[in-house]
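Please keep the sequence and the model in view while reading.

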Amino acid sequence: MKRGCGSRLEDALAKTLLRRKSSKTIRALSTRPRGSVDFSSNDFLSLATSQELREGFLAELNAGSSNLGSGGSRLLDGNSTYAEALEKDIASFHGAETALLCNSGFDANAGLFSCLPQQGDIIVYDEFIHASVHDGMKLSRASKCLPFAHNSAAGLREVLIDCLRDPTIKDGTRNVFIAVEGVYSMDGDVPPLRAIVDLIHELLPLGNGHLIVDEAHSTGVFGSRGSGLVCELGLEKEVLVRLHTFGKALACNGAALLCSDTVRQYLINYARPLIYTTFLSYPSLAAIRASYTFLTQGKTIPLQANLHTLIAHLHTRLLDLQHSLHLPTSESTSNSALMSVPAEKPVSPIFYVLSSEPKALAAYCQAKGFVVRGIVPPTVPKGGERVRICLHAGNTTEEIDGLVKVIGDWVQQQTRQSGSEDAAVLKARQTKL
């Protein structure tokens with residue numbers, strides 16, 4: 001009986017997976033081929049391959065605790081003076097009152113948004129906000145969770161004005177939490193943070209408007225010594241909670257929530273992913289310490305500078321390619337073109353090339369030794385299919401030129417093939433006549 005039920009379950013799962021395969025949205029694990037050029041990972045500062053950082057980590061590891069494991073959840077046996085000192089240094093580096101270490105950015109967002117909003121509060125979020133925030137909102141006690149148009153201050157204004165129809169919001173009894181990201185992982189763009197702060201002051205002057213910024217992709221890339229977008233704009237005092245993750249530019253794992261001491265204590269008492277999860281091990285904490293030492297000592301400053309030089313180079317080369325192939329720009333086309341790129345230079349190392357065949361283009365690039373990823377719905381909206389390109393401080397202009405050439409070769413190949421197919425169809429029709 002059990003075997004039959006299991007078989008029916010697996011049949012149902014297989015049919016669901018088959019539908020994804022048919023729509024070319026199936027996900028699968030893969031590894032990067034040896035010798036290939038990385039234009040895909042979030043290792044923006046190339047610290048994951050830094051020998052100097054590796055040596056710093058090993059020195060930190062050897063100098064500290066002999067107990068490799070954490071021993072349990074933070075509230076039971078997982079806490080340590082090492083972790084608490086690390087939190088204080090992270091908070092100081094980012095100009096925050098306190099910091100709370102979390103096992104991952106996903107855990108941090110899920111825990112934060114599930115417990116911080118109280119009954120009757122409202123969460124307003126950018127429509128492109130990360131999946132972890134959505135999971136947290138689903139578990140929250142907020143009365144409403146309302147999206148606003150991506151990076152649109154005007155769109156946010158409309159939603160906040162609608163929130164003010166609630167008398168408990170208007171009189172300051174209940175709160176509005178506004179959730180945005182420092183850099184969006186698929187578009188690579190940044191939010192209009194100053195305009196958002198001004199709107200909060202204008203429309204919620206009683207102090208019940210609270211900004212939360214996920215700096216997962218802006219950590220290490222923006223701000224003095226990589227302190228983030230909020231620090232770069234001098235808005236530390238305007239943000240209730242900042243999330244900095246360590247698994248991208250900092251080449252380790254874990255995350256920290258920067259907040260007030262009161263919010264920190266509340267999260268320790270009510271954030272379930274923190275309460276019921278074994279805490280980060282000592283090697284993980286030592287890796288975080290080594291990366292922050294790197295930042296504090298200013299060793300990533302030249303890496304940041306080189307990264308922004310490479311951003312300008314890649315954008316120029318892609319525009320040149322688009323022009324030489326007589327392709328329309330992304331502003332003048334739907335996603336029917338083989339390739340189109342934004343006319344405006346990106347401000348972050350995350351690029352995208354819109355394409356009607358992103359999986360095929362990405363596969364061609366990978367076969368030629370350049371690792372990029374084709375992104376399709378539901379990760380991006382329908383019509384926003386793309387090849388995602390991530391730059392790293394360790395990339396070279398020669399590698400960029402090689403990638404652009406391969407993209408151009410694929411577009412020309414597809415164009416010739418399409419032309420041949422059109423000619424064959426026309427010839428067949430003429431033969432029938």
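Is Asp 162 buried, partly exposed or exposed? With a relative accessible area of 35%, Asp 162 is partly exposed; buried means under 20% relative accessible area, exposed over 50%, and partly exposed in between (1.4 Å probe, protein chains only). The model is predicted, so local features need pLDDT of at least 70 and side-chain atom pairs count only at pLDDT 80 or more, while totals for chains, interfaces and linings use all residues. Residues are numbered from 1 along each chain as its sequence is written, and side-chain values use heavy atoms, with hydrogens and water left out.

**Salt bridges**

The structure holds 10 salt bridges, a salt bridge being a side-chain nitrogen of Lys or Arg within 4 Å of a carboxyl oxygen of Asp or Glu. Three of these pairs are listed here.

| Pair | Closest N to O |
|---|---|
| Arg 32 and Asp 38 | 3.8 Å |
| Arg 289 and Asp 89 | 2.6 Å |

In the pair of Arg 289 and Asp 89, the partners come from distant parts of the chain, 200 residues apart: Arg 289 lies in helix α13 (residues 282-296) and Asp 89 in helix α4 (residues 81-93). Helices are DSSP runs (H or I, at least four residues), numbered from the N terminus. Arg 289 is buried at 16%, whereas Asp 89 is partly exposed at 40%. Arg 165 is exposed, at 68% relative accessibility. A network of salt bridges links Arg 74, Glu 87 and Arg 264.

**Cysteines**

A search of the whole structure finds 0 disulfides, that is, pairs of cysteine sulfur atoms within 2.5 Å. For Cys 163, the nearest cysteine sulfur is that of Cys 145, 11 Å away. Cys 163 is buried at 4% relative accessibility, and Cys 365 is buried with a relative accessible area of 1%.

Terms used. Helix = DSSP H or I, 4+ residues; strand = E, 2+ residues; numbered from the N terminus.
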